[in-house]
Amino acid sequence: MSIKHIFLFALPLALIACGGEDKPVADEPRMIEARTRIRAKEDSLFENRAFDRRTAQGMVDVYKAYAAAYPVDSMAPEYLFRAAGTLKSMGDAEQAIKLYDRISEQYPGWRRRVDVLYMKALTLDDDLDRDGEAKTIYQQVMYEYPEHPFARDAKAMIENLGLSDEELIEKFKRMNEAQEAATPAQ
C-alpha cells in the first residue's frame, strides 16, 4: 500500500471523526434511539483494527436508512457523508460519488459542502482516474471557498493530476533538495 493510499484511506475516517454532532430537528424518541444505535455501531466499527467489509457495509446501510427516515434532520447529510466515505474506503468509488452528488443536490446549503466537493474530486482523481472531472470540482472548491484550507489543497491536487506515485516522490524529492540548497548552513 503506497503512502498516497494510506492517506486516502485515513482522510475519510478523519473527516468522519471531525463531523461533530448537530442537534436533531426535533427530539423525536425514535430519532434519538436511531442516533444512539448508529453511535454504538460506529464505536464497534472503529474499535476493530482490521477492516471488516461486512460491518462497513452494514454501517453504510444504517446511515442511508437514517437519511431516508429523517431527511430533514440536520444529521441526514452528515450520515450520508459518512456513508460515502465508508464506501470510498471499501473501494466502491462509484457509489461514493453518487452519495456525494445526492448530498450536493438535496442539501446545497449544508455547512460541510466544501468537504463533500473536495472528497468527490479526490475520489474522481484517485479512485476513478477521471482527471478532467476532478479538476473541474477542485476548481469549484477554489472558486467557491477561496479562504478554506481545501482551496490550497485543491490547487496542489490540480498541479499533481496525472502523476504516478513515483513521479510524485521524485517531484517532492526535488522540492526538498531545492529547499535545502536555499537554506543557509548552520
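A residue is called buried when its relative accessible area is under 20%.

**Figure 1. Helix α4 in the predicted model is mostly covered.** Helix α4 comprises residues 75-89. Of its 15 residues, 15 are buried. From its first C-alpha to its last, the helix reaches 21 Å, close to the 21 Å expected at 1.5 Å a residue. Gly-91 follows α4 and has a positive phi, near 90°.

**Figure 2. Asp-125 is a buried residue of helix α6.** Helix α6 spans residues 113-127, and Asp-125 is found within these limits. The relative accessible area of Asp-125 is 7%, and the residue therefore counts as buried, the cut-off being under 20%.

**Figure 3. The side chain of Asp-125 makes a polar contact with the side chain of Tyr-138.** The distance for this pair is 3.3 Å.

Figure 4. From the N terminus on, its elements run α-α-α-α-α-α-α-α-α. The chain has 186 residues, of which buried residues make up 39%. Among contacts between residues at least 6 apart in sequence, 59% join residues at least 24 apart. The chain exposes about 11,000 Å², and carbon and sulfur atoms supply 55% of this area.

Methods: Residues numbered from 1 in each chain as written. Predicted model: local features only at pLDDT ≥ 70, side-chain atom pairs only at ≥ 80, totals over all residues. Heavy atoms only, no water. Helix = DSSP H or I, 4+ residues; strand = E, 2+ residues; numbered from the N terminus. Buried < 20%, exposed > 50% of the residue type's maximum accessible area, 1.4 Å probe, protein only. Polar contact = N/O pair within 3.5 Å; in protein donor to acceptor, adjacent residues only side chain to side chain. Expected span 1.5 Å × (residues − 1). Contact = heavy atoms within 4.5 Å. Areas by Shrake-Rupley, 256 points an atom, 1.4 Å probe, with all protein chains shown as cover.
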